Every structure is written in structure tokens, then in C-alpha cells.
Amino acid sequence: MIGVGVMSVTYMQARTGPTKSESATMRLVASGAQDPMSGLDDNARFRSIVMPYIDEAYRLAHWLTGNRTDAEDVVQDASLRAFRAIREFAGGNARAWLLSIVRNTAYSWLRKNRPTTVLTVEDIEAVELANAKPGDPTGETPEAALIAKVDAGQLRAAIAALPTPFRETLVLRDIEGLDYREIAEATDVPIGTVMSRLARARRRLIATLKEDR
Amino acid sequence: MTRPTSDDSSVLLVHAYLDGELDPANALGITQQMDTVPALAAEAERIKALQQLIRERLPREETPPGLRARIETSVGGLRRERPRPSWRALAASIALTAMVTGTSTWFIAGSQQPTMVADSLVSDHIRALMAPEPVDVVSSDRHTVKPWFNGRIPNSPRVVDLARENFPLIGGRVDVLGQTPVSTLVYRHAKHLISLTAVPAEGGFKLDRSPRSINGYNVVHWVENGVSYWAISDLEAKELEDFARLFRTSQTEL
């Protein structure tokens, strides 16, 4: 795993904070600003924080549970949890916040309904380490061309076959377009872990797709 | 040749580079490594092929019709079970009134006064030029820049590739107009940077009232599909207008 020291120079700080946003003009009005939604009731907050991201929530739930009915149940349940916690959302990234609730709800659901499919991350990473094959000689074969021939069904099946922690990381990055910081927030791990899981997820996926050819 | 393991930090940096997560110094470092280490270049090619495959061939699961309505119903039901004391509603309405009359005045007024919007965006542009980097996401790939805005602002902007017209994309950042975060794309032309900000055009801006230049920075403004665009640069006015025309007429959409 990548060291924290590397991350600190590597990872850019998003400059969306007040130091960036202040200017002489804006400071006139910024003095009274805290949470712009503080005056809204819970339902209005829910509509502006949660409802815009229902599609993303549903897709993540679908990738985690593997079917529509369960995904719907998970999203409904997660929405209620989000509503009850809506006052705890203190601004920041609404999408990552909601997706973390969806993920936790889906994990509870999986543990209850499919206890055999939930492997802990430690299990997987131990197996990975034991099976690590650093010497793959196919560095320069036209793999990119091979990958380009995969069809949607194969791709979907290969993603679905990834272990859950890798699958969720890959889905959030390569399908939903979250950045590393958001994924770290949604999956409750450090950014270094996001990076190593993403690299492993992509490599596994590529290896599976090549076997399929 | 052996392939580096996935724990190799260079490999992780290749992934991070393609995901638009590196600052320019680290991005430069890893691209130089990719030029000299074939295994890293091959890794980059595989990742790009995989990302393209997912983007182009994987259909997105549709949200079932009725799910939103069911969620709104169940949440609305919760609220009725727990009515709030009336003083809280009163307090909330006072707070809301205070917010509207206090903090939002500038932006509401601003939406009728393009000069103030332009002033604020020119300040953002100047501040960005003086900051270590003029952008928060560094990438010339619109497939990286556009998704970066998701989750930061409600509507991610239209991003077009104008590299062939000599206006390469540098990246993007979030600026704040009054209380509203807005997307700014940064393009380059020769040694000049252009900040292009997209503002949801609620107030109905008028082109003719927008200043042509502020403090030596040229401003080009237009409204399209309910979005108010502001291009700001120290480029010659004519070149900035060329840029605006190219952006408007470009068909390259994500």
C-alpha cells in the first residue's frame, strides 16, 4: 500500500473552501452565511440533499445486491436512514454521503440475506497476497485491442464477479465518476486504500476479460 | 520483462494520473516514467481501454419508475408521524427570511447586474492565476474533467475539446458566486489562460449590459440553453471572441 507521505504530495486539495471563495465583494454577504440550508425543514433538506442522487444510489445498490428488487429495497431503506440523519449532514459532498449510507445499508442486507457471500476485506487481501504473481510477461501484448472486443454481457458479469470491496471501488470510480476523496468517504477507507483497491479491481477485471476471449 | 505488482507505487500513480488525481508535478513525473518504463505504459493502455469499454459499452441500470415517488411518500409519512412544535416552524421561517433578505441579496441583485458577476469572476480568474495552480482538477481529457464536477455542483458543465483549434483544455475548478458554487473550465491559448464559467441563468442576463473588459481582462459573455457563460482572459478581445465562437459551435459533447 502506498505510504501516507506519498499521498500528501500527490493528492491535490480541492480549493472550494472559503479562502478561495472570498473576495471583497462577496465578503459583504458571506458574514451571515453558515449552512445555506439551515432554514429549511427536514423534507426540503431531504429533497435537495438526497433526491438528486437517487439514480446513483440505485445503481450502487444494484451492483452490490445483484438484482433490482433487492436494490430497490436497499435504496428505500437507505433513504429513510438518510432522512432520519438529515440534520447530521453538515454540508460537503451530498453524493458521497448518500452513497455511504446506501453502501452500509446494502452490507447489512447482504450480511442478513447472503451471509456466505460477504467476505471481509482482510480475507480477500490475504488471498490476493498469497496468489500474487508479480512476473506476468505479457506487458506489451496488444491487450488493449483484446479488451476493446468484450461485449456488455461479459463486462457486466466480470464486474459482478469482483469481490465486493473491489467491485464497489471500481463502480464508484469508473461507472459513477467519483474522485478518490469521494470514494474514500463513501466506502470509509483511507485514500491509499482506495488507490490500491482500484488498481487491483482493474487488474482483476482485465485478467478476467482476457480469459473470456 | 516483469510487470510491476499492483502494490508498486508507480502503478498506483499511473492509475491516479489517468483518473485526474495528480497535481502537475506528480503528473509530469509519472508521464516521464511511462515514457521510459514499457510496463507502466502498457498498464496505462490497459486502463484506458477498460475505461473506454465501460464508458461506451456498459449500459446504465435504469432507476425503476415509481421508486422516487415511493421514497417521497415514505419520507413524507415519517414527517406526519412526528409533527414539530410550532415554534420550530416559526423559527425556521424567520431563519429562512433572514437568509433570503441577508445572505442572498447580493446574488439575486447580481443576477440582474452582469457587471458584478463579471467583477467577481475576474477576481476568481486573477486569484487562480496567482494560486499555485489555476485548476483543481488537472486534465486535458474532458471525460475526466466533466465527471469531476459531479457531486460538487448540481449540474456538471458542457465540456468540449478544442485542442485542435489551439485552445487545449487544462482542467477545471469550482468558483463561488455569492453563495452558489459554479463550474469553471480553464483553457490555454499560447501563454494565456482562459477561465470559462457556466452560471445557471436564472435572472435572465442581458448580453449588452455585460462589460467588455475589467482591469485589463477581456470578458465575453453569452447565454445558451439556460446557462450563462463567461469567458475571461488577458487574450486579445478578438481571440477571446474566437474562442467563445468555437466553444459555442463545437459538437464534441461527452
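Visitor: How do H5(A) and H11(A) run relative to each other, roughly parallel or roughly antiparallel?
Guide: Roughly antiparallel (over 145 degrees; under 35 is roughly parallel, 65 to 115 roughly perpendicular, the rest oblique). Their axes cross at roughly 155° and come within 10 Å. Axes are fitted to C-alpha atoms, over the stretch in contact for helices, and angles run from 0 to 180 degrees between N-to-C directions.

Visitor: What am I looking at, and how is it numbered?
Guide: It's a predicted model: local features need pLDDT of at least 70, side-chain atom pairs need 80 or more, and totals for chains, interfaces and linings use all residues. Residues count from 1 along each chain as written, with chains lettered from A and ligands numbered from 1 in written order.

Visitor: Which residues of H5(A) and H11(A) make the contact?
Guide: H5(A), residues 54-65, brings Leu60(A), Trp63(A) and Leu64(A). H11(A), residues 164-175, brings Thr164(A), Arg167(A), Glu168(A) and Val171(A). Contact means C-beta atoms, placed from the backbone, within 7 Å. Helices are DSSP runs of H or I, at least four residues; strands are runs of E, at least two; both are numbered from the N terminus.

Visitor: And how does H5(A) pack with H6(A)?
Guide: At about 130°, with the axes 8 Å apart. That makes the pair oblique. From H5(A), the contact includes Ile54(A), Tyr58(A) and His62(A). Among the H6(A) partners are Arg68(A), Asp70(A) and Val74(A).

Visitor: Switching to chain B. What is the strand order in the open sheet?
Guide: E1-E2-E3-E4-E7-E6-E5, 7 strands with antiparallel pairing. Strands pair if DSSP finds at least two bridges between them.

Visitor: How many bridges join E2(B) to E3(B)?
Guide: There are 8, linking residues 169-177 with 180-189. Val174(B) has Ser183(B) as its bridge partner. Asp175(B) is partnered by Val182(B).

Visitor: What's in the turn of that hairpin?
Guide: 2 residues lie between E2(B) and E3(B). Gly178(B) is in that turn, with a positive phi of about 65°.

Visitor: What joins E1(B) to E2(B)?
Guide: 2 bridges, and the strands run antiparallel. Val137(B) has Gly172(B) as its partner in E2(B).

Visitor: How many residues of E2(B) are buried?
Guide: 8 of the 9, so E2(B) is largely enclosed by the rest of the structure.

Conventions
Contact = placed C-beta atoms within 7 Å. Buried ≥ 20, exposed ≤ 12 C-beta atoms within 10 Å, placed from the backbone.
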